[in-house]
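Me: I am new to this structure and would like a close look at one part of it. Please take a single strand, explain the terms as you go, and then set the strand in the rest of the chain.

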Amino acid sequence: MRRYLASLSFALALIACNDARSAQVIADRTAPSAAPSAARPVRVGTDPGHAGQGSPLTPEAHHRLAAFAAGCFWGVEDAFRHVPGVVATAVGYAGGHTSAPTYEQVSRHSTGHAETVLVEFDPTRIPYEQLLRVFWKIHDPTQVGGQGPDLGDNYRSIVFVFDEEEAAAARASLQAEQRAVRGRIVTQVQPMSAFYKAEAYHQQYSERTGSHACPIAAQLGTL
């Protein structure tokens with residue numbers, strides 16, 4: 001379903017999973033800054049590849065980048081931040097046909113972008129193939145037109161790849177996953193083009209707020 005954000009002090013409509021989530025998003029936008037959740041200190045960075053508004057992505061030395069779209073990016077990012085070997089994450093928009101999209105535009109399905117999580121990882125600690133296994137585990141790759149209750153092309157399932165090595169690994173992983181599930185996997189594998197970092201209030205949302213309005217299909221401790 002579409003996510004509609006209720007207005008508090010000004011008229012603003014966004015798409016949201018539920019009213020509580022909507023109110024929290026607006027509060028995040030108007031608050032100076034939210035402190036990290038006391039329950040789990042931040043141990044993972046927030047600047048993968050020095051991401052910006054379509055700027056070149058450059059990971060730190062000896063690190064690599066990966067990117068995944070698997071539904072609402074709040075929960076997907078939270079999942080990858082629990083994976084040992086992931087050193088930084090950010091949420092944003094990829095796979096579209098316009099420049100510098102906003103959340104409102106993406107949510108109206110007018111830009112072609114998918115809600116995407118950019119991951120910087122240390123390949124000496126975790127192989128890319130393991131990140132792919134996490135990707136399959138946290139969502140339903142057979143669902144057409146969205147993920148869970150969130151419907152629309154901005155929630156579609158995609159593995160964005162940065163080179164031919166990742167592309168080959170992603171295709172092989174998809175084929176292996178297809179043999180393990182009953183339905184037809186609709187996940188796309190496509191090259192990463194421009195990545196546009198999302199607005200600040202979306203970044204590390206679950207970790208900052210303690211809210212899990214976009215649950216994933218796995219327990220965080222099992223990733």
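Reply: A residue is called buried when its relative accessible area is under 20%, exposed when that area is over 50%, and partly exposed in between, using a 1.4 Å probe and protein chains only. Helices (H or I, at least four residues) and strands (E, at least two) are DSSP runs, numbered from the N terminus. The model is predicted, so local features need pLDDT of at least 70 and side-chain atom pairs count only at pLDDT 80 or more, while totals for chains, interfaces and linings use all residues. Residues are numbered from 1 along each chain as its sequence is written, and side-chain values use heavy atoms, with hydrogens and water left out.

Next come the neighbours of the strand. Two strands pair if DSSP finds at least two bridges between them. Strand 1 (residues 64-70) runs antiparallel to strand 3 and is joined to it by 5 bridges. In this pairing, F68 has V117 as its bridge partner. Strand 2 (residues 86-94) also pairs with strand 3 in the antiparallel sense, over 8 bridges. Here A88 stands opposite E120.

The disulfide joins C72 to C214, with an S to S distance of 2.1 Å. The link of C72 and C214 is right-handed, with 70° about the S-S bond. It ties distant parts of the chain together: C72 sits in the loop between strand 1 and helix 2 (73-80), C214 in the segment after helix 6 (205-209), and the two are 142 residues apart. Both C72 and C214 are buried.

As for the whole, the protein chain has 6 helices and 8 strands. Read from the N terminus, its elements run α-β-α-β-α-β-α-β-β-β-α-β-β-α. Of the 223 residues in the protein chain, 49% are buried. Contact means heavy atoms within 4.5 Å; among contacts in the protein chain with a separation of 6 or more, 74% are between residues 24 or more positions apart. Accessible areas come from the Shrake-Rupley method with a 1.4 Å probe, and for residues only the protein chains shown count as cover. The protein chain exposes about 10,000 Å², of which carbon and sulfur atoms supply 55%.

Definitions and conventions
Disulfide = S-S within 2.5 Å.
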